Amino acid sequence: MLIASFTVAQVIWFFALGASAGSLINVLVYRLPLGLSVVTPPSRCPSCETRLTWRENIPIFGWLLLGGRCRFCRSKISAEYPVVEFVVAVLFAGFYILWYLTPPDARFAWFSIGQIAPPWAGPGTGIVSPLAQTWPIFLQLLILLGCLVAMTLVDAKTFTIPLILAWIPAAAALVIQPVTAFVIERKLGHLWRSAPNWDWVIPTPGPHGWYWVGFAIGGAIGLIVSLILLASGLITRSFADYEEWEKQATASAPPEGEQPPDQQELWLRYPHARREMVKELAFLAPPALGAIIGGWGADRAIAATVGWTFDPVSGGFVTPYHVPLWLAAFAGVLLGYLVGGGVAWLIRIFGSLAFGKEAMGLGDVHLMAAVGACLGWIDAVLAFFLAAFVGVGWALLGAVFGGLRRQLPYGPHLAVASVLIVLFRPLVELGLSKLLRMPVHLP
Ligand SMILES: [Zn+2]
C-alpha cells in the first residue's frame, strides 16, 4: 500500500514536471521565432499585456480557471497552450510508466507493452531500482522529447526550426552520457541491467572499438574545423545571396490575377539550389576527412603501443587496453550526432542536386543530429527512414478528415518518427528478425 501510493506520487510528479515543461515550451514557441527574450517579461495577455497572476500561471489549470479568456480584456487565449502542456505531461508520465513501472510480461491487446522499456530500465526488484542508476539518461530523454515538441510546433507554424532547440538535447547528451557512464563505471563497472552485446544505453564502439572512437572524435574535430573555416570566410555559407535574389524576384508586380508568392513558394523558386550544394559538400569535407584520419590514427596508435591480437572467440582483433565506458559513451554520442545529421544532410544534398530546389531544411539536419546524439546512430537512421512513412500517414489522415489544410514541413514527421522509434523499437527488431530470418537485437 505504501509502495503503491509512493508509485502514484511519482507518476503525478512526472505529470506535473511535464506540464511545467509544456508551459516553458509554449513560451519558447511563441518567443523564439520573434527573437524575444525567453526569460523576461513574465507571461502576459498577448492583447492587453495584463500580467498573469501565479494561479493563472499554473499549467493546464490556469487556462481552465480563466475559462480560456483574459481576466482583464476578455479576449480569447488559445487552447493550444493547455493542450501542449497536457500532451507533454502525458509524454513524461507515460514514458516513466512504460520505462520504469511496467513489468516485462505486461501486454496490451496484442502488443507486449512490457517490451517497450529498454533492457537497462524496467521496474525495480526489492530495493534495487534501475531508476536510481539511470535517471540521468531518462532526464536526457525528457529533454529530447520536450525539444522535439517545441521544434514540431515552431516548424509547423513558421517552416523553420530554431537551431537552439536542437543544440539543447545534443549538448545534454554530450554531457550527461559520458558523466553518467564514468560514475557507473567507478561504482559498479557496468550497468546493473543490460542485454547481450550492450555495454551502454546507446550503441557505442564497445570495449575494442578504438577505430570508431578515433573515427567519432576525428569527425567531430573536422566539424569544428569547418565551423572555423566558415566563420573566417574561407568557405562560404550556402544560400548567402538568397535575400538579394528575393528582393529582385518580388520587385516586379505579379501578373494580372495572380497572388504574390508566399515565403515558402519563393524559397522553392530560388534557382541556384544546385550550385549552393557544392558549398555544403565543401563544408562536409573536413568532418569526413577527420573521421577517416581519426579512425586510421587510433588503429595505428594501438598497433604501435600495446598491439592488436586475433581473438578466435569474437573473430576480430582485440587489444589488452579496453576503451573505458565513459569514452565509449562519449564516442557513441558523437557517432550518433554525426551519422544522424550526416544521413539527413546527404539526402538534402542529393535531393537538391536531383530536383534543383532545396530538399529538406538544414533545421531538419540539426534535428536528426540531436536525435542521434541522444538515442544513438541506429535509432536516428531508423527514425529518418520511418519519417517518410509518417508523412504518408499524415497525408492519408488529411485526406480522410480534411483537417490538414496545408502541407506540413518535414520537421514534425522526423520528430514523430523519432518518438515512434523510442516506443516501438522492440517491434522494429521483431520485424527485422523475421525479414532477415535471424534473431536481431540492435545494440
Ligand atoms: Zn487581455
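Because the model is predicted, local features are reported where pLDDT is at least 70 and side-chain atom pairs count only at pLDDT 80 or more, whereas totals for chains, interfaces and linings use all residues. Residues are numbered from 1 along each chain as its sequence is written.

The protein has 13 helices and two strands, these being DSSP runs numbered from the N terminus (H or I with at least four residues for helices, E with at least two for strands). The radius of gyration of the protein, 24 Å, is close to the 22 Å that the globule rule gives for 443 residues, so the protein is as compact as a globular protein of that length; here the radius is taken over C-alpha atoms, and the rule is 2.2 Å times the number of residues to the power 0.38. Along the principal axes, the C-alpha atoms fill a box of roughly 75 × 65 × 45 Å. Buried residues account for 36% of the 443 residues, where a residue is termed buried if 20 or more other C-beta atoms, placed from the backbone, lie within 10 Å of its own, exposed if 12 or fewer do, and partly exposed in between. Of the contacts between residues at least 6 apart in sequence, 72% join residues at least 24 apart, a contact being defined by C-beta atoms, placed from the backbone, that lie within 7 Å.

The protein is divided into domain 1 (1-89) and domain 2 (164-236 + 274-436), with bounds that come from an automatic or database domain assignment. The centres of the two domains, taken over C-alpha atoms, are separated by 33 Å. The largest nonpolar core comprises 100 residues, among which Phe-92, Ala-150, Met-151, Ala-216, Ala-331, Leu-334 and Ala-383 touch the most other members; such a core is a set of buried Ala, Val, Leu, Ile, Met, Phe, Trp, Tyr and Cys residues joined through C-beta atoms within 7 Å. Helix 10 (residues 325-355) gives the most to this core, with 15 residues. Because domain 1 and domain 2 both give residues to the core, it lies between them. Leaving aside residues up to four places away in sequence, Ala-216 touches Ala-331, Leu-334, Leu-335 and Leu-338.

Helix 10 has 31 residues and reaches 44 Å from its first C-alpha to its last, close to the expected 45 Å, the expected span being 1.5 Å times one less than the number of residues. Since 22 of its 31 residues are buried, helix 10 is largely enclosed by the rest of the structure. Just after helix 10, Gly-356 takes a positive phi of about 75 degrees. For helix 6 (residues 210-231), the 22 residues should span 32 Å, and the end C-alpha atoms are 32 Å apart, in agreement. Helix 6 is followed by Gly-233, with a positive phi near 85 degrees.

Positive phi values also occur outside glycine. Glu-49, in the loop between helix 1 (2-31) and helix 2 (61-66), has a positive phi of about 65 degrees and counts as exposed, with 11 C-beta neighbours inside 10 Å. Phe-159, in the loop between helix 4 (130-158) and helix 5, has a positive phi near 60 degrees and is partly exposed, with 18 other C-beta atoms within 10 Å. Val-183, located in helix 5 (residues 164-187), likewise counts as partly exposed, with 14 C-beta neighbours inside 10 Å. The C-alpha atoms of Val-183 and Gln-133, which are 50 residues apart along the chain, are separated by 9.4 Å.

Technical notes:
Two residues are in contact if their C-beta atoms, placed from the backbone, lie within 7 Å.
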